[in-house]
Amino acid sequence: MIMTIIKYLPLIALGILSTGISCTHSDTDAKQSTAVPSTDMVVLDSTQMTNAGIETGYPEQKDLQTTIRLNGIVDVPPQNLVSVSFPMGGYLRSTPLLPGYPVHKGDPIAVMEDQSFVQLQQDYLTTRAKLDYLSADLQRQKELSDADATSKKTYQMALSEYKTQEAILNATAEKLRLIHIAPEKLTVAGISSQTRIYSPIDGYVSKVNVNVGKYVNPADVLFELVNPTDIHAAMTIFEKDIALFRKGMRGKVALLDQPAKFYDVETILVTRNVNDSRAGLIHCHFEGAHHELLPGMFLSGIFQLDNQKVLAVPEDAVVNYMGKKYLFIWKNKNEFYLTAVETGNTDQGFIELKTSGSQDWTNTRIAIKGAYALLGKLKNKMQEN
């Protein structure tokens, strides 16, 4: 008899183990079928509810002011950023410029030198002298032609030669003006191998790309000048927020290394295209002159948008726990379940509740006061377990 019992002991143990596993699976399935795990549940009696100051209510539709934070840089429009080059090429003989050096429109900023300047002035003076002779000859040939003392062909040839030299003279004069030599003031005694470059704007020097004695080609940029009177903030905005911005919207920006010093800006342009990062730009004008701002400086900005009607809950209803935001949902018999939520902007004591999934928040009763008391109770429960 004993041997028979021993023989069947493994089968009996296996049966008990299987029964235990089956029960465990049943309990687990039952827990998983619950919307929220029991470890996230807090149960209070009416006395505890009163002592903790727990109040319940429902999320509401509220008009909240939306705040959007953006990053960007100080930028200048193309007409305020000038690249200075020399159209004929030549050697840089002298310049006083350094990066940051202030310049004024019309001030000389460099001296260029090249023998081609001499040749160009010579060509102009030679052509001008020749044209004076041709003008007198043309008048003489016209008088002879009118008196039938010479053929019409002779007069026409004189006229053609005069017009050809006139075109050459005008073209040479324009070339001289390009290198800042006034042809109408040019004389034989005034021929020079040097000419000056003048600043086209008021502003300051941002780059100096040449040194004295270097030969520069017509396509080379010698200096870059910036007019700071029209600098603006170019702020990067994500695709989903572009539609929220419009011309005239105001905001505040600050340099990254001076976050407490804000500059008032006004939106002047909202781009209608996005880049590969699904972002666009808004261009904002600085209100007032801020000469300490330089192109390329990094900015952070805050923009207050128009009121938006959103689903919101009191700020006291939301708790921060383990780096996430939570609400406590009320169930029967004063049961509260901790539920993770995604929140948005905060305004007037309310915080935006971003809806997702199948949860009908408008008909969901939550703890609107005393949420942190519930969180403390939940933590104590976890420690006891």
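How many bridges join β7 and β8, and in which sense do these strands pair? The close-ups below walk through the pairings.

**View 1. Strands β7 and β8, side by side.** Strand β7 covers residues 108-113, and β8 pairs with β7 in the antiparallel sense over 5 bridges. Here, strands are DSSP runs (E, at least two residues) numbered from the N terminus, and two of them pair if DSSP finds at least two bridges between them. Look for E113, which sits opposite Q194 in β8. This is a predicted model, where local features need pLDDT of at least 70, side-chain atom pairs count only at pLDDT 80 or more, and totals for chains, interfaces and linings use all residues. Residues are numbered from 1 along each chain as its sequence is written, and side-chain values use heavy atoms, with hydrogens and water left out.

**View 2. An open sheet of 4 strands.** Follow the order β8-β7-β5-β10, with antiparallel pairing. At the edges are β8 (194-198) and β10 (215-216), each pairing on one side only. Strands of a sheet pair through backbone hydrogen bonds.

**View 3. β19 meets β1 and β18.** Strand β1 (residues 41-43) runs antiparallel to β19 (residues 335-347), and 3 bridges join them; M41 has Y337 as its bridge partner. β18 (residues 324-331) also pairs with β19 in the antiparallel sense, over 7 bridges, and there L327 partners T339. The β18-β19 hairpin has 3 residues between its strands, and K333 takes a positive phi near 60°.

View 4. β20 (residues 350-354) pairs antiparallel with β19 over 4 bridges, with D347 opposite F350.
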